[in-house]
Amino acid sequence: MSSLGKASGALKSVDYEVFGRVQGEGRGYTEEEARKLGVVGWVKNTSQGTVTGQVQGPEDKVNAMKSWLTKVGSPSSRIDRTNFSNEKEISKLDFSGFSTRY
């Protein structure tokens, strides 16, 4: 995992919120996709029925995760829209892996 921070290119951080029929088994798929892509951060269900979280990593990998959160999601989900906020360049990763928060 330590090679993540040394990847070439800028490190990015972005917060997200996914709207639609997105709660249920999806968090495990989100964790799995994040690990596959090599990004770190977290995911959590909200009381409003959305899924929220943060993704950090090399810009190209963060962009790939943003695309997954917008267009793919878990097999049983129906994504209506995904909002991204606080997108910024960071000097180091704040997380060592990707986790589900409760």
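## Annotated residues

The UniProt annotation "active site", which comes from an unreviewed entry, covers Arg27 and Asn45; UniProt positions are given here in the numbering of this chain, feature names are shortened, and annotations may be inferred rather than shown by experiment. Asparagine 45 is found in strand 2 and is partly exposed, with a relative accessible area of 23%. On the scale used here, buried means under 20% relative accessible area, exposed over 50%, and partly exposed in between (1.4 Å probe, protein chains only).

A word on the model itself: it is predicted, so local features need pLDDT of at least 70 and side-chain atom pairs count only at pLDDT 80 or more, while totals for chains, interfaces and linings use all residues. Residues are numbered from 1 along each chain as its sequence is written, and side-chain values use heavy atoms, with hydrogens and water left out.

## Strand pairing

Helices (H or I, at least four residues) and strands (E, at least two) are DSSP runs, numbered from the N terminus, and two strands pair if DSSP finds at least two bridges between them. Strand 2 (residues 40-45) pairs with strand 3 (residues 51-58) in the antiparallel sense over six bridges. In this pairing, valine 43 stands opposite glycine 53. The two strands form a hairpin with five residues between them, and glycine 49 in the turn has a positive phi of about 90°.

Strand 2 also has a parallel partner: three bridges join it to strand 5 (residues 98-100). Here glycine 41 stands opposite phenylalanine 98.

## Threonine 52

Threonine 52 sits in strand 3.

## Salt bridges

Side chains of opposite charge can pair when their charged atoms come close. A salt bridge is counted when a side-chain nitrogen of Lys or Arg lies within 4 Å of a carboxyl oxygen of Asp or Glu, and the count comes to four. One of them joins lysine 36 and glutamate 33 (3.6 Å, N to O). These two are three residues apart in helix 1 (residues 26-37), so about one helical turn separates them. Lysine 36 is exposed at 61% relative accessibility, whereas glutamate 33 is buried at 16%.

Another links glutamate 87 and lysine 66 (2.8 Å, N to O). Glutamate 87 lies in strand 4 (residues 78-90) and lysine 66 in helix 2 (residues 59-71), so the pair ties together parts that are 21 residues apart in sequence. Arginine 78 also forms a salt bridge with aspartate 80, the closest N and O atoms being 3.0 Å apart.

## The nonpolar core

In soluble globular proteins, nonpolar side chains tend to be buried together. A nonpolar core here is a set of buried Ala, Val, Leu, Ile, Met, Phe, Trp, Tyr and Cys residues joined through side-chain atoms within 4.5 Å. The largest has 14 residues, and Tyr16, Val18, Val39, Val55, Met65, Leu69 and Phe98 touch the most other members. Strand 1 (11-21), strand 3 and helix 2 each supply at least two residues of this core, and helix 2 gives the most, with four.
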